[in-house]
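Open the structure in your viewer and keep the selection tool ready. We will go from stop to stop, picking out a few residues and looking at what surrounds them.

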There are 2 protein chains.
Amino acid sequence: MVIIMIDNLIVAKTLSGFKDRLPKECAAKASILDVVSNVFLSYGFMPIETPHLEYAQTLVRQGSDEIQKELYRFRDHGNRDVALRFDLTVPLARFIVQHRHELDMPFKRYAIGNVFRGERAQKGRYREFTQCDFDFIGSNSLSCDAEILQVIYSSLTALNLQEFSIWINHRQILNGIFQHFGLQDNIESGLRIIDKLDKIGIDNVSLELQRELNISSNVAQDICNIISIKQNNHYEEFFKEVSYLKDYNDSLKIGLESLESVLHILSDLEFDISVCRVSFSIARGLGYYTGIVYETTLNRLKNLGSVCSGGRYDNLTQSFSSERLSGVGASIGIDRLIVGMLELGLLDERSTMARVLVISLHMDYLPFAHKVAEVLRQSNIRAEVYPDVTKIKKSLSYANNKGHEFSLIIGEEEFKTMTVTVKNMTSGMQRENISLLNTLQMIKQA
Amino acid sequence: MVIIMIDNLIVAKTLSGFKDRLPKECAAKASILDVVSNVFLSYGFMPIETPHLEYAQTLVRQGSDEIQKELYRFRDHGNRDVALRFDLTVPLARFIVQHRHELDMPFKRYAIGNVFRGERAQKGRYREFTQCDFDFIGSNSLSCDAEILQVIYSSLTALNLQEFSIWINHRQILNGIFQHFGLQDNIESGLRIIDKLDKIGIDNVSLELQRELNISSNVAQDICNIISIKQNNHYEEFFKEVSYLKDYNDSLKIGLESLESVLHILSDLEFDISVCRVSFSIARGLGYYTGIVYETTLNRLKNLGSVCSGGRYDNLTQSFSSERLSGVGASIGIDRLIVGMLELGLLDERSTMARVLVISLHMDYLPFAHKVAEVLRQSNIRAEVYPDVTKIKKSLSYANNKGHEFSLIIGEEEFKTMTVTVKNMTSGMQRENISLLNTLQMIKQA
């Protein structure tokens, strides 16, 4: 790729697979992050930050082969082998071991940050994207598994998302299913195939299972029948219905009992337990999950995919330490959530958060324009001063484009009497020589 | 640098010059950014985001030689010559030209993000650090110059920083001084020397001016006398005192009149105009400033250096477009501000933002513990459930270390009567079998 230069100018261009966020989208993102951060804090999760750049070796050991290929890896000024992080979980493991003596366990952290993967460019997939993770490290208690569900629920509810489903499953259930059919050595390949269910459909899952696991179509069909089980009644009823599976083996027993305990912890809370549904097909491709797994879909946008996923992993820090520290957590897919919320009309798309534009018709009135804006701000009304003295048409069209609700115009008469002309940008109604006090009232009541 | 491995473990280690932020510092940073973002929004500034990675050519053209040496530059998967951004201003220029047709001018943006410079590692200097910029693009009006000052003032005041000084100067004043002494061809070297005043002192500035500009000690002394002028009275008086400089040349006249106009715009606002002081020695090393320049120091921490600096630049987008777009803005040095505010005791240093820890003495009481925490959260009290059932000493010491104000303990008696034992973690006082309603009252009133 060569940079095209015209008249000795550099063409202004983001890298392929990278994008800018314009004010509308960026403000929407900020407001989402503000809401979810406050939810995290209310549960005692605290923010941490790790660098964007790490020793490559810190990152590659735990990543899959695919991720290694996609790593932005290079030599720095000191000839160190470094790479941009591809997720926030591997740096978390490094962080915990490095600061072990400064951290109290259980350690609850959230992290919001960008990660980098040199994937093939596709529509809607970017090589730099934002992750928003919250995790509970250093406790095996199912209380944590339940709380992560509660945080997912609280976060999406706080964002005014009403209709969503949190799908849960347990890796021990999936392990138990494969064990039951004598396929304990093929669990990993099996999970990878099941993970593709949404993309390829159940018939193709069955075919792939036959081919890759070298099993009969009957066995494949039996597996598919079990993984197709989805809860659509009260959880207590559901676990009664599937209790026969507990007799198959210990893995299934442990998995089913864990999920039931988790739902029991939540059953008495202001938590619509029906949102939370067991589905035996949820696998989560990543190798490191060992317990509960979560996925969250928006009911009205089935094709969007999961907006919040996660699970329990047994040994987060194994590359760095012999101390076993397990954890459970989830990650909100901010970019996908923005797309979904925009589609559902749940996000304000505004080019400015200021409600008011103050326009001065002469340089000499500019100090008064700033004064008017300040009076508004002191009443918590966001207000902007148009900095130039131009044709009124130009400044009003700026207000129209940006979406200010009111323009306050200061001409000679207004300046002399310390008043403003108030123009309602929606209705077009205009009232002249209004005192600041009345202007304030009018805007407050609008 | 070789990664040391012990027992096949990777040593958990951040790269030299990079650092993690632990919860205390990260929460403090988040609260600072929250405060200043709200100030920016209240003035009509809107957030934008640009990628961390850009075509190297986008970045190198505008950077100084030094910055080019410090650039993290490498070949990506597509053999593109790419680099991590070293500031947020050059990407802003690229952004504006790329999205020119989507943006209304004047364009007011803020951006908060990390930037990367491979500087020699020094105490307190990091190779990745956070910038927080706000800029006003596409207007030459002094109204913008004044508003940037107002935003600096409002931001620091909103952060409870009382005693600070915003030092202002104008590049035309500095240009005019050098012109007056026939040194119009040496302005750039001259500015670089003056910029070192705080580090090397006025005597060394004089010596360097003599040596590098090849001037007599008398001329150097005359220059030093002028640049040592600092306002310490009302601005109207000050500008009368220095009005003789306007006769030296047009540059000095324009510079002085601009600053006076800016202060005039602000003079009628709830802005302590005495905070804002003219100092003819403020140069700001960077080449691209052409008008007003700002620096901000905390009066009680003179050695900290400037916590917010900026200025007006005439042609931001010149590498990318023949359209001239000028701008004015400033950048809050978040990392330096955190250091300063910690030193002044203005930041909460807490390992948790949760006020309450709920402790269950038996697995069976965990659902009730979650219920209690939820009741607190519904009254906007941040509350955390201790997920494990352990010795009470262990969970109380967790609360002590993290800084929870209250522990609520649920044993058999409390579980049966739906009450809690409330322990005030500061006083150590403990009260048993308190109803949830009374607990809520107690914590609210604390």
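**Stop 1: a histidine and its neighbours**

Start by selecting A:His52. Contact here means heavy atoms within 4.5 Å. Not counting residues up to four places away in sequence, A:His52 touches A:Ala83, A:Leu84, A:Arg85, A:Asn114 and A:Phe116, along with B:His52, B:Asn114, B:Phe116 and B:Glu128.

A word on what you are viewing: this is a predicted model, where local features need pLDDT of at least 70 and side-chain atom pairs count only at pLDDT 80 or more, while totals for chains, interfaces and linings use all residues. Residues are numbered from 1 along each chain as its sequence is written, chains are lettered from A and ligands numbered from 1 in the order in which they are written, and side-chain values use heavy atoms, with hydrogens and water left out.

Back at A:His52, you will find this residue in the loop between strand 3 (46–47) and strand 4 (53–55) of chain A. Strands (E, at least two residues) are DSSP runs, numbered from the N terminus.

Is A:His52 buried or exposed? With 6% relative accessibility, A:His52 counts as buried. Buried means under 20% relative accessible area, exposed over 50%, and partly exposed in between (1.4 Å probe, protein chains only).

Now show the side chains. That of A:His52 makes a polar contact with the side chain of B:His52 (3.3 Å), and another with the side chain of B:Glu128 (2.5 Å). A polar contact is a pair of N or O atoms within 3.5 Å; within protein, one must be able to donate a hydrogen and the other to accept it, and residues adjacent in sequence count only if both atoms are side-chain atoms.

**Stop 2: the two chains together**

Colour the model by chain. A rotation of 180° with 0.0 Å of shift along its axis superposes chain A on chain B, with an RMSD of 0.0 Å. The two copies are thus related as by a two-fold rotation axis. The superposition is by least squares on the C-alpha atoms of residues with pLDDT of at least 70 in both copies.

To find the axis, select A:Phe74: of the residues of chain A, its C-alpha comes closest, at 3.2 Å. The copies meet through the same surface, because 100% of the interface residues of chain A are also interface residues in chain B.

**Stop 3**

A:Tyr288 is partly exposed at 32%, whereas A:Tyr289 is buried at 9%.

How values were computed
Helix = DSSP H or I, 4+ residues; strand = E, 2+ residues; numbered from the N terminus.
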